Structures are given as C-alpha cells and as structure tokens.
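Trainee: I am new to this structure. Please pick a single part of it, look at it closely, and then show me how it sits in the rest.

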Amino acid sequence: YDKDNTSESRQLLRRFTYSKYFIPEQYIYNDPEQDFVLNKGKVNVVIRIDRGFGRNLMANKDANVQLAFDGTDSNTAMIVLGYANTIIGSYQQELLKNKAEAAGFINTVPSVNLEDRAWFNGNLVSRNYYLPGVIATIVTMMSLLLTAIAIVKEKEIGTMEQLTVSPLRPLELILGKLMPFAVIALVQICLITILGVLWFHLPMRGNVLFLLFSTCIYLFTTLGIGLFISTISATQQEANMSVFLFYMPTVLLSGFAYPISNMPVIIQWFTIFNPMRYFMVVIRSIFLKGVGIEVLWPQLLPLLFIGIFVITLSSLRFRKGLN
C-alpha cells in the first residue's frame with residue numbers, strides 16, 4: 001500500500017518483492033482495500049508507506065513504514081516481523097552508506113523506522129490462535145465417535161433389527177439417531193466457548209448465533225462420516241479404529257498446527273476435500289476477527305456442499321443396510 005509512490009518507496013518495496021520471503025499478492029490503493037484483504041485472510045501482511053516517506057529521507061529525517069499483519073497465527077506473525085526487520089535493516093544500511101558517501105559524514109543520515117501493527121491478536125498470544133482450533137478438534141472427535149460407536153453398538157446387541165421391523169421410515173430412523181449427537185455437539189461447543197472466554201480470556205468478537213449456525217453446517221459432515229463408518233463396521237472396536245484412521249489426517253491437514261500454505265502443493269490440493277479445513281478458518285475468524293457470513297461465505301459454501309454430499313451418501317448406505 002504505497003501512498004508515497006516515490007523512487008525511495010518503490011526501492012524499499014522492491015526489496016520486499018524480490019526477497020525470498022515475501023510474495024506480492026496484490027497492490028492496494030485505499031484503506032477499505034486494506035481492511036478487506038486482511039479480514040478475508042487473502043494476505044499475511046500489508047506493507048504501508050504513507051505520503052512524505054521519500055521527502056523525509058531526502059531531508060535527513062526519520063521515515064516510517066507500517067507493517068499491518070494478521071496476528072491470528074502468532075507464530076507466522078513473528079516470522080513475518082523478523083524477515084521484515086531484516087529487510088528494513090539492510091535497506092537502512094545501504095541508505096547510510098549512500099548518504100555518508102554523498103555528504104562525507106554520517107551524523108545527519110536519516111533512518112527508517114518499522115512500525116508493526118498486529119491485527120486481531122495485538123499481543124500475539126498463541127492461545128488465542130490454538131484454542132478455537134482445539135474447540136473444532138473436540139467437536140469433530142466427539143461427533144464422529146458418538147455417531148459411529150453408538151449405532152454399531154445397537155447392531156451388536158440386536159436392537160437395530162428391532163428398529164428395522166418397526167413402522168419407522170428410514171429417514172425418521174436416521175434423524176432420530178443423528179439428532180441427539182448434534183444436540184450434544186452444540187451443547188459441547190457452548191460449554192467449551194464459555195470456558196475459553198471466562199477461564200482462558202479468549203476474545204469472542206463475533207456473533208454466538210452465527211458460531212452455532214456454522215457448527216450446524218459442519219456437523220453435516222462429521223455426523224455423516226460417523227454414520228458411514230457405522231455402516232462399514234461390524235464391531236465397536238472396528239468403528240473406533242476407523243474413526244481414528246479418519247480423524248488424524250483430518251486434523252493434520254486442517255491447518256490446526258501447520259499452515260496449509262507451508263505444505264507441499266500436492267498436499268494442499270488434498271486439503272480442499274477436508275471439511276475441517278474450512279471450519280477451522282470459520283471458527284478462528286468468528287472468535288478473533290468478529291466477521292460474519294459476508295466474509296466467511298467462501299468457507300461455508302464448500303462446507304455445505306461437502307456436508308450434503310456426505311450425509312446423503314451415508315444415508316443411502318444406511319438405508320441399504322437396513323433393507
């Protein structure tokens with residue numbers, strides 16, 4: 001975001017864009033654009049140079065550069081800040097050398113000050129980044145495990161056969177099996193949210209109702225997968241192992257611990273089919289950014305499609321098993 005647009009500001013920006021650490025995503029020209037790209041998560045950092053940067057350098061005055069970065073991921077933010085300081089330091093050393101050679105002395109040589117500003121997580125507290133992810137992992141595990149094991153247990157003890165000869169239609173039976181686990185998951189996320197906000201001082205900047213709405217969409221996928229696992233498992237032990245076989249790669253490829261952008265390209269393509277990847281972005285954005293559906297619809301839409309596909313496929317297989 002170069003408001004100065006002088007040779008000095010362009011030279012500094014070239015040092016960022018030509019480095020191995022920063023890849024320019026786009027150039028912006030006003031404050032609303034800066035808010036948009038950071039809220040949407042399109043960039044990790046905005047380099048902002050205000051008017052007067054080049055003039056101050058020519059007049060041997062200090063010039064400021066602002067680094068506005070997304071602080072939701074505190075580890076990435078600290079890495080960004082470290083690389084930016086290195087580039088600014090290198091630029092300042094060259095500036096010192098050129099000015100000293102031109103003036104013959106160093107005392108009046110200007111300096112460049114880097115002012116960093118972390119958005120959404122001002123103090124770069126790591127728990128603010130990890131706690132929403134922990135909430136997502138707990139809800140995923142419990143909804144998968146309860147659905148898969150509970151239905152398999154009924155098959156083991158023989159009560160499922162009694163239900164098949166009852167006047168219940170398959171759709172009513174499926175809804176009756178899934179609704180209690182959905183309610184348990186919603187109650188669970190409410191309790192964990194209260195605990196995180198009151199005990200760990202996790203900021204809750206978004207709408208709680210929107211959080212529950214997003215969780216309901218996500219539960220389509222977890223409950224559907226749990227139902228599918230129950231149809232292919234004969235015992236509770238088999239269902240338990242199948243749940244963990246699905247759960248571990250889901251968490252690893254969700255961006256919970258490792259940013260997806262740092263993964264190999266082929267692995268990044270696989271994460272497109274991971275519903276937890278989208279829910280992780282949604283829940284962190286609700287807690288830390290306070291944004292709503294107008295910003296998060298690109299994550300909710302594929303999450304809804306995956307959920308409808310999974311719940312439909314699992315329901316058809318479950319019906320076939322009943323027949």
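Mentor: A polar contact here is a pair of N or O atoms within 3.5 Å, where one must be able to donate a hydrogen and the other to accept it. With that in hand, take α11, residues 275–289, in what is a predicted model.

Begin at the N-terminal end of the helix. N274 caps α11 there, with a side-chain oxygen 3.2 Å from the backbone nitrogen of M276. Just after α11 comes G290, which takes a positive phi of about 70°.

Next, the surroundings. Of the 15 residues of α11, 13 are buried, so the helix is largely enclosed by the rest of the structure. The largest nonpolar core has 59 residues, and F279, I283 and F287 are among those with the most contacts inside it, along with L38, V46, I135 and I189. α11 is one of the helices that each supply at least two residues of this core; the others include α2 (31–39), α5 (126–157) and α12 (293–322). V46, for its part, is in contact with Y1, I28, Q34, V37, L38, Q66, L67 and A68, leaving aside its neighbours within four places in sequence. Apart from this core lies another, of 24 residues, including V80, I87, A118 and L124.

T271 counts as buried because its relative accessible area is 0%, and the cut-off for buried is under 20%. Its side chain makes a polar contact with the side chain of R277, at 2.8 Å. A polar atom of the T271 side chain also lies 2.5 Å from the backbone oxygen of Q268. Not counting residues up to four places away in sequence, T271 touches L253, I260, M263 and R277.

G158 follows α5, and its phi is positive, near 95°.

Positive phi also turns up away from glycine. Most residues other than glycine have a negative phi. N5, in the segment before α1 (7–17), has a positive phi near 55°. H201, in the loop between α7 and α8, has a positive phi of about 60° although it is not a glycine. H201 is exposed, with a relative accessible area of 58%.

Buried residues make up 45% of the 323. Among contacts with a separation of 6 or more, 75% join residues 24 or more positions apart. The chain exposes about 17,200 Å², and carbon and sulfur atoms supply 63% of that area.

Methods:
Residues are numbered from 1 along each chain as its sequence is written. This is a predicted model: local features need pLDDT of at least 70, side-chain atom pairs count only at pLDDT 80 or more; totals for chains, interfaces and linings use all residues. Side-chain values use heavy atoms; hydrogens and water are left out. A nonpolar core is a set of buried Ala, Val, Leu, Ile, Met, Phe, Trp, Tyr and Cys residues joined through side-chain atoms within 4.5 Å. Buried means under 20% relative accessible area, exposed over 50%, partly exposed in between (1.4 Å probe, protein chains only). Helices (H or I, at least four residues) and strands (E, at least two) are DSSP runs, numbered from the N terminus. Contact means heavy atoms within 4.5 Å. Accessible areas come from the Shrake-Rupley method with a 1.4 Å probe; for residues, only the protein chains shown count as cover.
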